[in-house]
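Please read it alongside the sequence and the structure shown here.

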Amino acid sequence: MLRKLGEYFFWLVATILATYYLPEFIKTPFYILLLVAYFRSTNEALWLALFLTTADGFWGFFNPYEVVVKLIPGLPAIELEQLYIALTVVKAARRENPGPFFHDNLMRMMAVYIGLLVVQGYALGLSPALNVQFRLVKFLLPLAMFYSLPRLFRTEEDFKEFFTYVFPMAFLALFAQVFTITTSIAPSQALGVFKKFWFTVDVAKGATYRGFYSSATVLLAYFGAFYWLARRSNFFDPRYLFAVLAACYLCVVLSATRGWLIGFTVALVLFLIFVQKLSLKRTATFGIMGAAIVSLLMLIPVVEKQFTNAFARFTTLEKLASGDATAGGTLSRLNERSPRVMDKWSESPFSGWGFSDEFFKYGDFHVGNQNILLHAGVIGVLLMALFIFYFHGALLARSLQLVRENPYKSALLVWATFFPGWFSIHSSSGQQFAFYADPVAGIVIGVYLTLGALIYRLSFNPPI
C-alpha cells in the first residue's frame, strides 16, 4: 500500500509542478498525459482521489479555474476534473451493468425532473451565448458520477483503497490550518506561489482565521472513518481511524465555521450513541487522542489564540437563539441572502426557475434550502426529500433486520447518523445538495450513495 500511496503523491506533486512551477506551454500536454494515464489505468481509486484533490484544493494550490485545459478558442477553459468525469462515463459504458440498486427507480425520477428543469430554463429564458450554454453543461456533467461510480467501483475493497488515499489528506489539511494560523500565509505561498488569500490574517493581532483547506475531502474522510470504525474489519487500525476523526474535527474547529462545527458535532454524537453505543474503550481512545492533539497544538501561542477566537465566534449563536437574526452581525444569510432568494422564488413557487437566467442571477449557495426552492420549486424539494428519506430509511431498516453477527449491521447505521450532520452544514453554511453539481459534489455524493447501495446489497450475502 505504501507503493500505491507513493504513486498517488507522485502524481499530486507532478500536477503541482506542472501547474505552478513549469513553463505555461507544459501545462496542457501534462494534463492530457494525466487523462491518458487515467484512461489506461485500472486503479480507479487512485485517480478518483487525485481528481478529488485537484477539484477540492490542497494547501492553497488548485484554486477554482487554475487546473484547466483550453481546448476550444473563444470558450472558457474546461476544468480538468470535468474531462476526467467524461472519461469515467466512457470507461463505465464499457463495463457490464453491476445490476440494479435498491434506489435506481428514484434516481431515474430525479433524472427526469432534472431534464424538465433544463426544458423549463429554456422556456423561461436562457441566454443562447456559448459561454452560458457551456456553463449549463458543466453544471450537469458531474451528475454522471452517479452512473460511473457504480460501474467502476464494484467491491468494498475498491472503496477501502480510495479511503487509503483520502485519510492522509485530513492530516495534511490540519497541518495547513496550523501552518497558516502560525505564519499568516498559506503553504503554497511559502512554496513560492504568491497569491492573495482572503483568510490569511494575523491571528496574533486579534484577527480570527476563517480558512478551511480541502473541506470536501475532510468531510469525506470524516464519513469514511465512521464507516470503517463501524465495519469493524481489519482494513484499518481503529486508532488510526480515531486519529482521522480528530484531525477532521480540529480542521473544523480551527476554521471557526459554526455550521460545520454543528454538523460535525451532530454526526459524532449520533455515531457514538447509536453505532459505537458509547463503548467505554473506544470513547476513551478517541477522547485521549483528541485531547493529546489539542494539548500539543495549544503549546503554540498563536494557535491557542485562534482557539479562543473560534470559541468566541461559536458563542455568537446564543444571540441567534435570543432573537438576534444576525447573530451579533455575523450572520447575514438569514436577514439578507434568504429574503432575496425567497422573494424571487415566490414568483414561481411550484417548479422554481429551472436552469434559467433568473436562477443564475438570483441563486445563492449560502442558503442551501432556499436555493433548492428557487431552482426546483416545491416539487423539487418534495422529490429530494422523498429520495433522502427513502435512501436512508432503507439502509436503517436493513440494519435493524440483520442479526448481530452480520458484519454490515453497524456499518449500515452510519448513513442515518452521518446525514443529519451533513444536512446541518447544507442548511447553515453552504449548499451541499442540489439538482446539479460541481465536480467535487459529484465525487463526494457519488461515493456516499454508491458505497451505501453496495453495502446494502452485500448485507444479503456477507463475506464469511
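In this predicted model, helix α19, which spans residues 413-428, packs against helix α20, which spans residues 439-458, at an angle of about 160° and with the two axes 12 Å apart. The structure as a whole holds zero disulfides.

**Packing of α19 and α20**

- Angles over 145 degrees count as roughly antiparallel, and α19 and α20 are therefore roughly antiparallel to each other.
- The crossing in which α19 passes α20 is left-handed.
- On the α19 side the contact is made by W415, F418, F419 and W422, while α20 contributes V444, I445, Y448, L451, G452 and I455.
- Sorted by class, the residues in this contact between α19 and α20 comprise nine nonpolar and one polar, with no charged residues; Gly is counted among the polar class, and G452 of α20 is one of the contact residues.

**Cysteines**

- A disulfide requires a pair of cysteine sulfur atoms within 2.5 Å, whereas the sulfur of C248 lies 6.3 Å from the closest cysteine sulfur, that of C251, which is too far for a bond.
- C251 is likewise in no disulfide, its nearest cysteine sulfur being that of C248, 6.3 Å away.
- Because buried means under 20% relative accessible area, C248 counts as buried at 0% relative accessibility, and C251 counts as buried at 1% relative accessibility.

Conventions:
Residues numbered from 1 in each chain as written. Predicted model: local features only at pLDDT ≥ 70, side-chain atom pairs only at ≥ 80, totals over all residues. Heavy atoms only, no water. Axes fitted to C-alpha atoms, helices over the stretch in contact; angles between N-to-C directions. Helix = DSSP H or I, 4+ residues; strand = E, 2+ residues; numbered from the N terminus. Parallel < 35°, antiparallel > 145°, perpendicular 65-115°, else oblique. Left-handed = near helix turned anticlockwise from the far one by under 90°. Contact = heavy atoms within 4.5 Å. Buried < 20%, exposed > 50% of the residue type's maximum accessible area, 1.4 Å probe, protein only.
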